[in-house]
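Please look through the model shown below before reading on. The paragraphs that follow lead from helix packing to sheets and then to confidence.

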Amino acid sequence: METINELAARWAVRADAGNLSPDEQRELDSWLAADSRHLGAYVRARAQWADLDRLVALHGPRRGTTNSNPDTTPALSRRRLLATALAGVGVLGGGACWTILRDDRERYSSGIGEVRRIALADGSTLLMNTNSEVTVRLTKERRDVRLVRGEALFEVAPDKSRPFIVRANDTAVRAVGTVFAVRLENARVDVTVTEGVVEVADLRTRSGFGQGPPADTGAGVKRLAAHQRAIVAPARPPDVEPVVPAEADRRLAWREGMVSFDGEMLQTAVLEINRHNRRQIVVDDASLASMPVVGVFRATDLDGFAAAAAAALNARATRDGDIIRLQHGPPRN
Amino acid sequence: MGDLARYRWLAANILPHEPELRGWLRRRLCAFNENDVDDLVQEAFSRIWAAEFGPIRNGRAYLFATVRHLLAEYARRSRIVPIELLGEIDSLNLISDEPGPERRVGARQELDTLQAIVALLPRQCRRVFELLKFEGLSYREVAQEMGLSEKTVENHLTRALARIGAALATRTSAGELTQLQSSAKRADATDRGND
């Protein structure tokens with residue numbers, strides 16, 4: 001899979017040769033319009049390519065007479081770029097982190113320990129937590145996102161004509177312009193809103209949202225404002241509870257690559273930090289597992305967390321291959 | 001200014017400051033991985049491209065100001081960027097009103113760097129690159145001379161540019177910031193003499 005910079009390099013050498021067919025030119029235009037990073041990477045690559053001309057001076061006269069004349073390449077005027085960008089072409093090329101499926105859903109995934117920001121063509125952003133997977137489809141009528149696995153924070157660009165709907169299992173969340181996180185864990189869906197309003201629909205009791213604006217809350221639809229959280233667990237109706245801003249920030253500490261605990265049981269904290277790591281921590285002792293943990297840790301620093309927990313809880317951390325065991329007893333050494 | 005002239009302007013005024021920018025981002029924003037740095041650099045180039053270049057007197061200041069705006073937007077929207085870092089860009093005295101590129105190493109030295117990067121390309125990739133760029137051959141001529149398909153020529157050139165671009169983007173040394181501040185006063189008016 002080529003990165004944006006690599007794709008940009010390909011377009012840059014092609015365009016510089018000055019023989020893009022009309023179809024290729026259209027493909028390039030759509031690729032550039034699909035994402036501002038594409039445009040940035042492309043002009044950067046063209047600049048680098050042009051910069052290399054300085055080396056020519058060191059190599060004496062050129063022998064060719066048919067050298068490509070870059071001035072004849074189709075102009076990349078800003079006005080035209082703007083026009084294509086405004087046309088909102090939903091065509092997408094390749095990218096560093098996603099592939100196109102045949103059903104025109106884009107699929108994005110993040111690896112273990114990775115937090116990944118994805119800019120969508122509609123101006124929305126999604127920030128993916130560790131080991132997560134999301135598919136996206138943007139049409140004229142709606143912006144359709146599925147959380148397949150893990151957790152993501154959505155910053156939705158306002159667009160009243162196209163509701164932004166995130167589905168996770170049997171739960172659908174509809175937003176117009178807002179910031180919220182959805183987490184999928186063991187068939188439980190957890191929605192936290194930090195800005196604006198969303199609606200949460202339980203699709204087990206309802207087929208989905210009406211066509212109206214996000215106000216027609218009926219059975220099975222809960223309205224969620226900023227600093228509220230909904231939990232949809234199997235065999236239970238959606239449960240809405242308030243979250244204070246500090247708590248929401250703490251829950252979303254992964255945005256900065258951190259995990260934050262405020263009195264959770266060690267067992268819960270270990271589950272959370274394990275999500276971010278290939279190596280895992282195992283707590284062998286039930287009474288140790290229920291001890292409270294407080295602190296902010298780098299999500300991928302498994303050893304640091306184990307050492308801190310061991311020190312705070314008067315426990316011992318032992319390495320066992322890819323496992324770190326936490327046990328009662330004073331630390332060795 | 002035509003597009004080619006604009007690319008040259010970017011090459012002369014913005015590209016030289018990319019390694020410094022990346023170094024700073026990597027050092028200061030621990031939560032940023034290499035992808036995030038790439039994203040930010042790409043966004044910055046996109047913004048700069050949309051600007052009118054004429055009034056920009058200091059490419060480095062402009063690049064850093066652009067990134068500062070981007071970081072502020074990130075920070076506003078998701079608070080992923082500690083706000084105090086935004087102030088740090090200013091306090092590093094990176095933004096000055098001095099005209100012209102104040103931080104170019106000598107032109108000759110820079111060309112040596114470029115040459116060294118080209119020399120590190122895989123053999124065939126380098127040959128294709130040299131034939132096209134230095135000898136001025138067309139794709140077809142390079143393909144004929146080397147017995148390759150034009151598609152393969154394109155692949156080699158793509159790889160060459162991607163590698164050279166990545167190498168240019170990261171050539172930075174630890175001492176560069178201090179070196180830069182001491183040399184900030186010296187405007188090097190002759191550094192583009194090879195153009």
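Axes here are lines fitted to C-alpha atoms, for helices over the stretch in contact, and angles run from 0 to 180 degrees between N-to-C directions. Helices (H or I, at least four residues) and strands (E, at least two) are DSSP runs, numbered from the N terminus. This is a predicted model, in which local features need pLDDT of at least 70 and side-chain atom pairs count only at pLDDT 80 or more, while totals for chains, interfaces and linings use all residues. Residues are numbered from 1 along each chain as its sequence is written, and chains are lettered from A and ligands numbered from 1 in the order in which they are written.

Two packed helices are described by the angle between their axes and the distance between the axes. In chain B, helix α2 (residues 18-28) and helix α3 (residues 34-49) pack at an angle of about 135°, and their axes are 10 Å apart. Angles under 35 degrees count as roughly parallel, over 145 as roughly antiparallel, 65 to 115 as roughly perpendicular and the rest as oblique; α2(B) and α3(B) are therefore oblique to each other. The crossing of α2(B) with α3(B) is right-handed, a crossing being left-handed if the near helix is turned anticlockwise from the far one by less than a right angle, and right-handed if clockwise. Where the two helices meet, B:Glu18, B:Leu21, B:Arg22, B:Leu25 and B:Arg26 of α2(B) are in contact with B:Val37, B:Leu40 and B:Val41 of α3(B), with contact meaning that the C-beta atoms of two residues, placed from the backbone, lie within 7 Å. The residues of this contact between α2(B) and α3(B) divide into 5 nonpolar, no polar and 3 charged, where Ala, Val, Leu, Ile, Met, Phe, Trp, Tyr, Cys and Pro count as nonpolar, Asp, Glu, Lys and Arg as charged, and the others, Gly among them, as polar.

Another helix pair links the two chains. The axes of helix α3 (residues 36-51) of chain A and helix α9 (residues 150-170) of chain B come within 10 Å and cross at roughly 90°, and α3(A) and α9(B) are therefore roughly perpendicular to each other. On the chain A side, A:Ala45, A:Gln48 and A:Trp49 meet B:Leu161, B:Ile164, B:Gly165 and B:Leu168 of α9(B). The contact of α3(A) with α9(B) is made up of 5 nonpolar, 2 polar and no charged residues.

The strands of chain A come next. Strands of a sheet pair through backbone hydrogen bonds, either parallel or antiparallel, and two strands are taken to pair if DSSP finds at least two bridges between them. Strand β6 (residues 143-155) of chain A pairs with strand β4 (residues 125-128) of chain A in the antiparallel sense over 4 bridges, and A:Leu127 has A:Leu153 of β6(A) as its bridge partner. Strand β5 (residues 133-138) of chain A is also antiparallel to β6(A), joined by 6 bridges, and these two strands form a hairpin with 4 residues between them; here A:Arg137 is bridged to A:Asp144 in β6(A). By contrast, β6(A) runs parallel to strand β7 (residues 164-168) of chain A, with 4 bridges, and A:Phe164 in β7(A) is the bridge partner of A:Arg143. The pairing of β6(A) with strand β9 (residues 179-185) of chain A is antiparallel over 6 bridges, with A:Glu151 opposite A:Arg183 in β9(A).

Elsewhere in chain A, 3 strands form an open sheet of mixed pairing in the order β16-β19-β18. Its edge strands are β16 and β18 (315-320), each of which pairs on one side only, and neighbouring strands are turned by 25° against each other on average, direction ignored. Antiparallel β18(A) and β19 (residues 323-328) of chain A are joined by 6 bridges. Helix α8 (residues 302-312) of chain A packs on this sheet, touching β16, β18 and β19 of chain A, and its direction makes about 150° with that of β18(A).

How far can these details be trusted? Where pLDDT is low, the predicted coordinates should not be read in detail. The pLDDT is the predictor's confidence in each residue, from 0 to 100, and chain A averages 77, with 79% of its residues scoring at least 70. Within chain A, confidence is lowest in strand β1 (residues 98-100), at a mean of 28, and highest in strand β16 (residues 280-283), at 93. Over residues 64-103 of chain A the pLDDT stays under 50. The mean pLDDT of chain B is 72, and 66% of its residues reach 70 or more, whereas residues 93-105 of chain B have a pLDDT below 50. For the complex, the predictor gives an ipTM of 0.78 and a pTM of 0.45.
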